[in-house]
There are 2 protein chains.
Amino acid sequence: MVAVIGYGFTRISEHWDKSLRELACESIQAALMNANMEKPEALFVGNMSGATVSGQQHLGALIADWCGFSGIEAYTIEAADASGAAAFRSAFLAIASGFIDTAVVCGVEQMTDVLPDYMTFATSLGSDYDYEVSCGITQTSLFALIARMYMQEFGAMREDLGMFAINSHRNAVANPFAIYRKEINIDTLLKSPMACDPLSVFDCSPVCDGSASVVLCSEKALKTNRAVRVIGSSVATDTMMIATRKDPLYLKSANDSSKRAYAMAKKKPEDIGLFELFDAYTILAAMQLEACGFANRGEGYLLARNNEIGIRGKIPICTMGGLKARGNPIGATGVYQIAEVTQQLLEEAGKNQVTCTTGMAQSIGGPGSTAVTHILEAV
Amino acid sequence: MVAVIGYGFTRISEHWDKSLRELACESIQAALMNANMEKPEALFVGNMSGATVSGQQHLGALIADWCGFSGIEAYTIEAADASGAAAFRSAFLAIASGFIDTAVVCGVEQMTDVLPDYMTFATSLGSDYDYEVSCGITQTSLFALIARMYMQEFGAMREDLGMFAINSHRNAVANPFAIYRKEINIDTLLKSPMACDPLSVFDCSPVCDGSASVVLCSEKALKTNRAVRVIGSSVATDTMMIATRKDPLYLKSANDSSKRAYAMAKKKPEDIGLFELFDAYTILAAMQLEACGFANRGEGYLLARNNEIGIRGKIPICTMGGLKARGNPIGATGVYQIAEVTQQLLEEAGKNQVTCTTGMAQSIGGPGSTAVTHILEAV
């Protein structure tokens, strides 16, 4: 049995005054204090853009040293946008092995202190460089292509997809760590500039700086009732290019990964009380709901249209603001998601509290090329 | 029990005609054929410089896709120069957890197709950027400082350290995958240009392109006698900067990591039949021999001077050419080391065969900030 016993966040923002290691250390210390632990046996870092944006790799040793843990086991796990979730997966397996009893998973990203063009380049390195990025394709343009095809195929309107952004903004208001704590309405979205047609800037999550950490421990090391259990854990990949997929509107990685996680947890979609999904783009939210069994194919957007994704809805998503309004510090985001599920299951989510005992988090790397799913349950 | 049942290499060279994914796929296919396996459940990639040199991250999904394994679990592990060894550690823990039965660990690096200055920058990202690299310090200059101090403190001569390079070159002659299959003598080294005084270019390993893979499996999935067991596995970190260490001549990470690996394996240094150490610089070989208990403090270089590191010596090191002559494709190197230990324990090392049943590999990230140790034993 692997348990999560603490979490910590830095506020998501443009932290031009804080370095990568400072952001990381802030959330690690918060998580350890939250878990009432002084020092973990191991540190698993989720990060994507240290090398390109900060000129810094080897974050395991760097952050362990900066936190005063020099000596412990530490390294970085990278799976593009899903890096944080993949780091959690690694820590889960490490503790399940019996060789490690306590670990911190720290997702961290310091992205904004560069020119916007360079940031677009850095975030695109999760797509295929030789065949896509070198031709000028960016993450946003790939999801815009998918969104256009989805709208034509299934009759979804921009207003429908926009409901995902509205929900995330509504939920972020009460989250002190969110970057945008302000509600928006559909007019805001429809009148906002296009990022890449048909996705407006309000359909896209903001790239920003932040760090989240969680503390994991083995059954042997568990000394508290304030804990949640990891009952499902899975990583699945898909092709790098959407051009080589039979059906670009079907998130095969998300489907495979969720199916394996459900099987491990002995749960079905209807058992999941809340779903922290990866609304990097509004279209991705619709597709994930379908891939993970919460809606039929081509009907994911109807859950938003029919108001079933709110805190009191049929399947609450992005309960603390999601990537759209809490913010999307790329490699750190997966840990924010898992930390928020933990917060909810510990009934510490304040105004946004969802009443449930089982929650799921899923992160998506690149254009659906990696999906990492975790299911957590209250003890 | 975790077993290694196959290995594969690409020849180390300047592969300007091959991309990162092609190099990786070559060694993965060779390792799978060697292990008589078609497809693993998971792929763990060790790589450091994909982002900076090739503009490509998300190598787990990319390489899995290119090999035709799209769908499996896959991600990248990074710990600077020790990335390949850290990826092996992750795979070991994953299989030990019982959740994964078969895995490939692929170390891959495509470094040389850039300007030399940029390569120096890319390889320095394992050191502290804010406090060291931004001031112009490189990996080589750090180890030159250490070497100068070591020589003054312990009376080692350039000729003594040079013996490590001579040994590696001698062993590389019979290795078809090595970049430099040519013996050198002490005159070659002493007359060669300085890389950074007192380290000549022959004291430094060449940064190059290459990929090595190994296949791991659980006891349940083991269907052959042609296997070696992983009996020790450990990662330890130290401070990022040598300036903050009490004793810059003591590799604390290597000491911690080897001690934990010995304890897990229930072995002592004298039980180790061969040691694939990390001779990125000749000075590092001397220090690792001391840190891992093969020589007293300040006496590691004497093992080289007294000819005790050769194939028939007291502690054979770098038996297939080491980093110096087999080559050092940074993030891939740790997997070359472990694959070579496997090759030796399976008695498939040809002219360089060492007679022993237990071998050790240790990789060093940055200026000794990470050390990853594995001990393998013949079945």
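Which residue of chain B comes closest to the rotation axis? I looked, and S97(B) does, with its C-alpha at 1.8 Å.

**Ground rules**

I am working on a predicted model, where local features need pLDDT of at least 70, side-chain atom pairs count only at pLDDT 80 or more, and totals for chains, interfaces and linings use all residues. Residues are numbered from 1 along each chain as its sequence is written, while chains are lettered from A and ligands numbered from 1 in the order in which they are written.

**Entry 1: the two copies**

I started with the general idea that two copies of a chain are related by a rotation about an axis and a shift along it. Here I laid chain B on chain A with a turn of 180° and a shift of 0.0 Å along the axis, and the RMSD came to 0.0 Å. That is the relation of a two-fold axis. The superposition is by least squares on the C-alpha atoms of residues with pLDDT of at least 70 in both copies.

Both copies use the same surface, as 100% of the contact residues of chain B recur in chain A.

**Entry 2: where the chains touch**

Helices (H or I, at least four residues) and strands (E, at least two) are DSSP runs, numbered from the N terminus.

Strands pair if DSSP finds at least two bridges between them. In this pair, I77(A) stands opposite I77(B).

**Entry 3: two domains in chain A**

Chain A splits into domain 1 (2-115 + 209-218) and domain 2 (116-200 + 230-378), with bounds from an automatic or database domain assignment. I get 22 Å between their C-alpha centres. In the contact, 39 residues of domain 1 of chain A meet 38 residues of domain 2 of chain A.

On the domain 1 side, β1 (2-9), α2 (50-54), α4 (83-96), β4 (102-109) and β7 (210-218) of chain A each supply at least two residues. The largest share, seven residues, comes from α4(A). I counted the classes on this side as 22 nonpolar, twelve polar and five charged.

**Entry 4: core and sheet**

The largest nonpolar core has 282 residues, and L216(A) and L216(B) have the most contacts inside it. Such a core is a set of buried Ala, Val, Leu, Ile, Met, Phe, Trp, Tyr and Cys residues joined through C-beta atoms within 7 Å. Beyond four places in sequence, the contacts of L216(B) include V2(B), V4(B), F92(B), I95(B) and V105(B).

Next I checked β11 of chain A (residues 370-378), where seven of the nine residues are buried. A residue is buried if 20 or more other C-beta atoms, placed from the backbone, lie within 10 Å of its own, exposed if 12 or fewer, and partly exposed in between. β11(A) runs antiparallel to β8 of chain A (residues 228-237), with nine bridges, and A236(A) stands opposite A371(A). β11(A) is also antiparallel to β10 of chain A (residues 358-365), through eight bridges, and there G359(A) faces L376(A). The hairpin of β10(A) and β11(A) has four residues between the strands, and G366(A) takes a positive phi near 60° there.

**Entry 5: two loop residues in chain B**

Is S13(B) buried or partly exposed? It counts as partly exposed because it has 18 C-beta neighbours inside 10 Å. S13(B) sits in the loop between β1 (2-9) and α1 (20-35) of chain B, and among the residues it touches is C208(B).

C204(B) lies in the loop between β6 (199-200) and β7 (210-218) of chain B. With 24 C-beta neighbours inside 10 Å, C204(B) counts as buried.

Technical notes:
Contact = placed C-beta atoms within 7 Å. Nonpolar A, V, L, I, M, F, W, Y, C, P; charged D, E, K, R; others polar.
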